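This report describes selected local features of one protein chain.

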Amino acid sequence: MKEFQPIKEGKVREIYDNGDSLIMVATDRISAFDHILKNKITSKGAILTQMSRFWFDMTGDIVRNHMISVDVKDMPEFFQQEKFDGNSMMCRKLTMLPIECIVRGYITGSGWASYQENGTVCGIKLPEGLKESQQLPEPIYTPSTKAELGEHDENISYEKSIDVLEKQFPGHGEEYAAKLRDYTIALYKKCADYARTRGIIIADTKFEFGLDENGEVVLGDEMLTPDSSRFWPLEGYEPGKSQPSYDKQFVRDWLKANPDSDYLLPQDVIDKTIEKYKEAYKLLTGTEFDR
């Protein structure tokens with residue numbers, strides 16, 4: 001049996017080269033505030049992978065995505081081990097674009113802090129009188145640069161995203177920037193409308209895109225998971241305050257309240273976090289999570 005070693009390790013994922021494809025493995029690690037926490041969240045990686053699969057299947061009519069299979073039987077023998085079952089995705093190889101595609105449908109988090117300060121979010125002027133967690137008149141696209149591990153992403157304007165893309169892909173900056181913006185908004189609108197029918201508000205999320213061998217823009221990475229999005233319960237939603245969430249905001253809040261934790265979570269926080277991930281999966285897909 002051929003052994004595989006990851007060619008890249010991110011905060012929570014490992015990527016393996018499989019010749020003409022990649023195999024992305026979502027681990028049970030969890031990160032917050034650009035730190036990898038010392039705990040693992042059991043089954044988290046499998047939930048993220050299966051949730052991405054669900055969304056990729058739903059949105060293929062908007063833009064192609066990189067998913068080939070999440071069945072380890074389609075992968076080399078090395079990946080047909082229990083530790084890879086359910087949390088691995090075989091993907092098309094892409095040249096990833098250097099932009100984090102962030103879309104905000106509600107005002108919260110750093111966006112709310114910025115709005116309180118000067119009435120803008122990432123340089124975009126918003127209407128006066130908005131409340132915390134209020135739905136925006138229209139979703140806004142707020143791209144950022146991709147940071148290296150341990151560094152912070154930098155929010156940039158749409159115009160700056162053109163410059164960043166043009167620098168790497170001369171003659172295509174404006175074209176790619178427009179496609180990233182338009183695909184991001186279209187994906188968000190479709191999925192947020194669906195999620196609302198299932199009792200979940202998607203407050204904001206981020207997408208990543210790459211180019212295939214023909215230079216076409218393809219959706220990559222993960223999609224609309226609790227690690228890349230803010231999920232709020234629709235029941236009890238009320239603007240004017242922060243909202244309970246199904247995502248890792250629960251972990252962030254605990255870390256903020258316990259600054260001396262050294263990024264080590266107590267067991268009850270771990271248990272509640274995985275419960276939230278499983279509950280979000282069930283609400284969105286209509287099925288119980290079963291690795």
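A salt bridge is here a side-chain nitrogen of Lys or Arg within 4 Å of a carboxyl oxygen of Asp or Glu. The model to which this criterion is applied is a predicted one.

**Charged side chains**

Glu222 belongs to the loop between strand 15 (217–220) and strand 16. Although Glu222 is buried, it has no salt bridge. Arg13, the nearest side chain of opposite charge, is 4.2 Å away, which means that the pair falls outside the limit of 4 Å. The side chain of Glu222 does make a polar contact of 2.7 Å with that of Thr225. Beyond four places in sequence, the residues in contact with Glu222 are Arg13, Leu48, Ser52, Phe56, Asp227 and Ser228.

Which residue forms a salt bridge with Arg13? The partner is Asp221, at an N to O distance of 2.7 Å. Asp221 lies in the loop between strand 15 and strand 16 and Arg13 in strand 2, so this pair ties together parts 208 residues apart in sequence. Asp221 and Arg13 are both buried.

In total, 16 salt bridges are counted. Three of them are set out below.

| Salt bridge | N to O distance |
|---|---|
| Asp221 – Arg13 | 2.7 Å |
| Asp34 – Lys11 | 3.0 Å |
| Lys179 – Glu175 | 3.5 Å |

The salt bridge between Asp34 and Lys11 links distant parts of the chain, with Asp34 in the loop between strand 4 and strand 5 and Lys11 in the loop between strand 1 (8–9) and strand 2 (13–17), 23 residues apart. Asp34 is partly exposed at 25% relative accessibility, and Lys11 is likewise partly exposed, at 26%.

Lys179 and Glu175 are four residues apart in helix 4, so about one helical turn separates them. Lys179 counts as partly exposed at 25% relative accessibility, as does Glu175 with a relative accessible area of 33%.

Helix 4 comprises 25 residues (173–197). At 1.5 Å a residue it should span 36 Å, and the 37 Å between its end C-alpha atoms agrees with this. Its buried residues include Tyr176, Leu180, Ile185, Leu187, Tyr188 and Cys191. Gly199, with a positive phi near 90°, follows helix 4.

In helix 5 (residues 249–257), the buried residues are Gln249, Val251, Arg252 and Leu255. They cover an arc of only 155° around the axis and therefore lie on the same side of helix 5. Among the elements covering these buried residues are strand 4 (29–32), strand 5 (35–40), strand 16 and helix 6 (267–285).

**Trp232 in strand 16**

Strand 16 (residues 229–233) contains Trp232. Trp232 counts as buried because its relative accessibility is 2%. Its contacts, leaving out residues up to four places away in sequence, include Tyr106, Ser133, Gly199, Ile200, Tyr237, Pro244 and Tyr246. Tyr246 is 14 residues from Trp232 along the chain, and their C-alpha atoms are separated by 6.1 Å.

Most residues other than glycine have a negative phi. Asp34 has a positive value, near 65°. Cys122 also has a positive phi, of about 50°, although it is not a glycine. Cys122 is located in the loop between strand 10 (120–121) and strand 11 (124–125), and its relative accessibility of 23% makes it partly exposed.

Conventions:
Residues numbered from 1 in each chain as written. Predicted model: local features only at pLDDT ≥ 70, side-chain atom pairs only at ≥ 80, totals over all residues. Heavy atoms only, no water. Helix = DSSP H or I, 4+ residues; strand = E, 2+ residues; numbered from the N terminus. Buried < 20%, exposed > 50% of the residue type's maximum accessible area, 1.4 Å probe, protein only. Contact = heavy atoms within 4.5 Å. Arc of directions from axis to C-beta. Lys, Arg positive; Asp, Glu negative; His and termini not counted. Polar contact = N/O pair within 3.5 Å; in protein donor to acceptor, adjacent residues only side chain to side chain. Expected span 1.5 Å × (residues − 1).
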